[in-house]
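I opened this notebook to keep track of what I look up, one entry at a time. Come along and check each entry against the picture.

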Amino acid sequence: MSNDIVKASEVNVDELYRVGKMLAISGYFDAKGNSDTAIAQICTKILAGREMGYQPFASVQGIHIIQGRPAVSANLMAAAVKAHPMYDYRVRMMTDKECSIEFFQRNGDKWESLGVSTFNESDARKAGTKNMDKFARNMLFARAMSNGVRWFTPDCFSGNVVYVPEELGATVDGDG
């Protein structure tokens with residue numbers, strides 16, 4: 001890995017604004033309408049996602065800004081691990097009581113285990129995880145994934161600390 005400083009590519013603010021406005025006006029997302037605030041919220045999600053390697057639609061759908069911090073859906077986290085050339089994961093157990101995900105790193109032609117991230121019913125109670133009665137497997141997977149990404153594959157997000165929305169206090173459903 002090089003220590004060279006890499007300049008971020010320029011942001012075309014006019015294009016960003018046009019895309020943000022179109023997505024806000026669509027009414028399909030949390031920030032609805034043509035207000036400056038709605039457009040700015042959509043654009044902020046697009047910018048955050050851009051830094052993590054996501055296209056605008058995926059960013060608006062899967063990234064939430066909560067108290068100034070990006071909260072990324074477990075699905076986007078999982079996709080980032082799968083897309084990274086050096087990492088992979090396997091779900092080793094997923095029940096309504098526990099989820100265990102093993103993370104791997106490529107070493108030449110072989111995959112080596114980096115470790116297992118487990119999140120269980122007891123962890124969920126301690127963390128105050130909501131919706132366990134409705135979407136236990138989804139909630140446990142999300143927390144096992146977010147912990148595993150922070151512990152084992154943080155460079156998937158260029159060093160940005162990422163959380164699933166409910167870790168930052170958001171109310172979530174089975175889709176995150």
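**Entry 1: two loop residues.** I started with Asn131, which lies in the loop between α5 (121–127) and α6. I took helices (H or I, at least four residues) and strands (E, at least two) as DSSP runs, numbered from the N terminus. Asn131 has a positive phi of about 65° although it is not a glycine. Most residues other than glycine have a negative phi. Is Asn131 buried or exposed? At 17% relative accessibility, Asn131 counts as buried (under 20% relative accessible area is buried, over 50% exposed, partly exposed in between, with a 1.4 Å probe and protein chains only).

I then found Gln67 in the loop between β1 (63–66) and β2 (69–72). Gln67 is not a glycine either, yet its phi is positive, about 50°. Gln67 is exposed, with a relative accessible area of 63%.

**Entry 2: a note on the model.** I am reading a predicted model, in which local features need pLDDT of at least 70 and side-chain atom pairs count only at pLDDT 80 or more, while totals for chains, interfaces and linings use all residues. Residues are numbered from 1 along each chain as its sequence is written, and side-chain values use heavy atoms, with hydrogens and water left out.

**Entry 3: the sheet.** I traced three strands that form an open sheet in the order β3-β4-β5, with antiparallel pairing (strands pair if DSSP finds at least two bridges between them). β3 (87–94) and β5 (110–120) are the edge strands, each pairing on one side only. From one strand to the next, the twist averages 20°. I looked up β4 (residues 98–107) and found 10 bridges joining it to β5. In β5, Asn120 is the bridge partner of Glu98.

I also checked what packs on the sheet. α4 touches β3 and β4, and its direction makes about 130° with that of β3. α6 touches β3, β4 and β5, and its direction makes about 130° with that of β5. Contact here means heavy atoms within 4.5 Å; angles run from 0 to 180 degrees between N-to-C directions, with axes fitted to C-alpha atoms.

**Entry 4: the helix pair.** How do the axes of α4 and α6 cross? The axes of α4 (residues 74–83) and α6 (residues 132–152) come within 9 Å and cross at roughly 45°. The two helices are therefore oblique to each other (under 35 degrees is roughly parallel, over 145 roughly antiparallel, 65 to 115 roughly perpendicular, the rest oblique). I noted Ala74, Met77, Ala78 and Val81 of α4 in contact with Phe141, Ala142, Met145, Ser146 and Val149 of α6.
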